[in-house]
Amino acid sequence: MQTPFTKLYLISAAAAVVLASCSGGDKTPSEAYKPKQLSPNHLLLQGRTNSEIIIEGVCYPRIDGGLSVPGQMVINLPDTPLPDGPVNASYSQSGYNTIGVRLPAAQEGEIAHSVDLAASFTETPAGYGGTPHLQPTGENAVGYIQLTFDDTTNGVHYQCIEAPINLKVLSSEYSYDEMVWEDYSMGDPSSSAGRWVQDYHITYMGVVETGKIRVVSTQVVEGHPYGYEGVIDLTGRTFTWTCNERRVDANHDEHNNPGQPLAPY
């Protein structure tokens with residue numbers, strides 16, 4: 001008896017054979033192209049576009065020491081297309097004003113602050129859960145992310161403190177397009193240069209294992225005559241991470257491969 005997943009796999013395999021006959025000559029994709037449930041591996045990875053992380057239940061601190069009604073914190077990541085040549089995708093460990101951060105909607109009782117801001121970031125490679133001897137946050141984690149951003153209009157500075165942001169992926173849902181042969185032979189009939197690529201549409205789901213952002217303001221408000229400090233605590237909040245990923249068949253680099261699977265597979 002065929003399950004829906006088996007039927008989907010067989011259809012994809014048949015499509016790959018057709019593509020091989022018309023666009024890749026006698027080239028056929030390897031077994032590595034089989035559909036897999038994947039880990040995002042890194043924050044910014046070549047081949048990933050339309051990438052957005054939504055963290056639920058985030059509270060902005062109130063002036064009276066309490067917490068506002070929970071809302072969403074949204075992190076928008078820039079598109080990082082695959083380069084034409086190399087098979088193994090690369091990733092960015094840091095960037096300046098490359099990430100968009102949207103804080104929960106401003107509410108009464110909070111300091112004056114903007115909602116949409118641009119952040120710089122660093123991601124320590126040791127935070128990647130795919131390296132067996134470097135797993136501070138366990139498997140399938142994108143970790144040790146530091147965010148720094150400023151609200152110059154209102155004199156507010158935001159920076160990760162104590163515990164950097166660690167995103168633990170627990171599951172994913174995905175669909176994918178047919179595999180396509182990209183020809184790099186430059187018209188040379190004796191050349192077999194090229195690669196099979198496949199586009200995935202993915203939602204990763206998980207929990208923020210740790211993450212605290214210090215809020216430091218120069219504003220003089222009631223009870224804070226020398227400025228205000230508070231904390232946005234992301235620890236324990238759930239998140240969804242939606243993106244498109246273009247993957248290269250036979251891309252086996254341990255650290256930078258968008259095709260490393262989440263178990264079980």
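This briefing walks through the fold, cores, strand pairing, cavity and a few individual residues of the structure above. The model is predicted, so local features need pLDDT of at least 70 and side-chain atom pairs count only at pLDDT 80 or more, while totals for chains, interfaces and linings use all residues. Residues are numbered from 1 along each chain as its sequence is written, and side-chain values use heavy atoms, with hydrogens and water left out.

**Overall picture**

- The protein chain holds one helix and 14 strands; helices (H or I, at least four residues) and strands (E, at least two) are DSSP runs, numbered from the N terminus.
- Of the 265 residues of the protein chain, 42% count as buried, where buried means under 20% relative accessible area, exposed over 50%, and partly exposed in between (1.4 Å probe, protein chains only).
- Among contacts in the protein chain with a separation of 6 or more, residues 24 or more positions apart account for 70%; a contact means heavy atoms within 4.5 Å.

**Nonpolar cores**

- A nonpolar core is a set of buried Ala, Val, Leu, Ile, Met, Phe, Trp, Tyr and Cys residues joined through side-chain atoms within 4.5 Å.
- The largest such core has 40 residues, and Tyr158 and Trp241 have the most contacts inside it.
- A second, separate core is made of five residues, including Leu45, Leu82, Val197 and Val248.

**Strand pairing**

- Two strands pair if DSSP finds at least two bridges between them.
- Strand S5 (residues 94-102) runs antiparallel to strand S6 (residues 116-123) over six bridges, and Ser94 has Thr122 as its bridge partner in S6.
- S6 also pairs with S7 in the antiparallel sense, over five bridges; here Ala119 has Phe149 as its partner in S7.
- Strand S12 (residues 212-217) and S13 form an antiparallel pair over six bridges, with Val215 opposite Gly230 in S13.
- In a regular strand the side chains alternate between the two faces of the sheet.

**The cavity**

- On a 1 Å grid over the protein atoms alone, a cavity is a set of points where a 1.4 Å probe fits but cannot get out, and lining residues have an atom within 4 Å of a point.
- Grid points are joined across faces, edges and corners, and a volume is the space filled by probe spheres set on the points.
- The count comes to one cavity of 30 Å³ or more, and the largest cavity has a volume of about 50 Å³.
- Its lining is formed by Leu43, Ile53, Ile75, Ile99, Ile145, Leu147, Ile165 and Leu167.
- Strand S7 (141-151) and strand S9 (165-176) are the elements that give two or more residues to that lining.

**Two buried glutamines**

- Gln198 is part of strand S11 (residues 194-210) and counts as buried at 3% relative accessibility.
- The side chain of Gln198 reaches the backbone oxygen of Asp177 at 2.9 Å, a polar contact (a pair of N or O atoms within 3.5 Å; within protein, one must be able to donate a hydrogen and the other to accept it, and residues adjacent in sequence count only if both atoms are side-chain atoms).
- Gln219 sits in the loop between S12 and S13 and is buried at 16% relative accessibility.
- A polar atom of the Gln219 side chain lies 3.0 Å from the backbone oxygen of Asn154.
- Beyond four places in sequence, the contacts of Gln219 include Ile111, Ala112, Val156 and Tyr228.

- Asn50, in strand S2 (residues 48-58), has a positive phi of about 50 degrees although it is not a glycine; Asn50 is exposed, with a relative accessible area of 51%.
- Asn97, in strand S5, has a positive phi near 50 degrees and is partly exposed at 42% relative accessibility.
- Gly236 lies in the loop between S13 and strand S14 (238-248) and is partly exposed, with a relative accessible area of 48%.
- Gly236 and Val207 are 29 residues apart in sequence, yet 6.0 Å apart in space, C-alpha to C-alpha.
- Leaving aside neighbours within four places in sequence, Gly236 is in contact with Val207 and Val208.

Conventions:
1 Å grid on protein atoms, 1.4 Å probe; cavity = no way out; pocket = protein on both sides within 12 Å on 5 of 7 lines; lining within 4 Å.
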